[in-house]
Amino acid sequence: EIDGDITVKVWTKANFQDTYTQTGHIDVNSLGFAPFTENGRYHKLEFNVNNWTRATGFNFRKEDSGGY
């Protein structure tokens, strides 16, 4: 739980030798999620937090793409 204004940026790449591509800033919604649909084997996340007084961590939830 974080009580500030939060955005998340996501970098992805398919292979280790590839160059990362990035999303724009993704806003955290009212449920506390920053939903994104980026595909790749490797991911990096950047959290931008403003106006906060406490933070207790984050959870990362993934789903396989095309897994119907």
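Two exercises on a predicted model follow, each with a worked solution.

Residues are numbered from 1 along each chain as its sequence is written.

**Exercise 1.** Determine how many helices and strands the protein has, and what share of its residues is buried.

*Solution.* Begin with the secondary structure. The protein has zero helices and four strands, where helices (H or I, at least four residues) and strands (E, at least two) are DSSP runs numbered from the N terminus. Along the sequence the pattern reads β-β-β-β. Next, consider burial: of the 68 residues, 15% are buried, that is, under 20% relative accessible area, with exposed meaning over 50% and partly exposed in between (1.4 Å probe, protein chains only). Finally, the C-alpha atoms fill a box of roughly 40 × 30 × 20 Å along the principal axes.

**Exercise 2.** Locate Thr7, state whether Thr7 is buried or exposed, and identify the residues that Thr7 touches.

*Solution.* First, Thr7 lies in strand β1, which covers residues 5-13. Second, Thr7 is buried because its relative accessible area is 17%. Third, leaving aside residues up to four places away in sequence, Thr7 touches His25, Ile26, Asp27, Glu46, Phe47 and Asn48; contact means heavy atoms within 4.5 Å. Lastly, the side chains of Thr7 and His25 are joined by a polar contact of 3.4 Å (a pair of N or O atoms within 3.5 Å; within protein, one must be able to donate a hydrogen and the other to accept it, and residues adjacent in sequence count only if both atoms are side-chain atoms).

Technical notes: Predicted model: local features only at pLDDT ≥ 70, side-chain atom pairs only at ≥ 80, totals over all residues. Heavy atoms only, no water.
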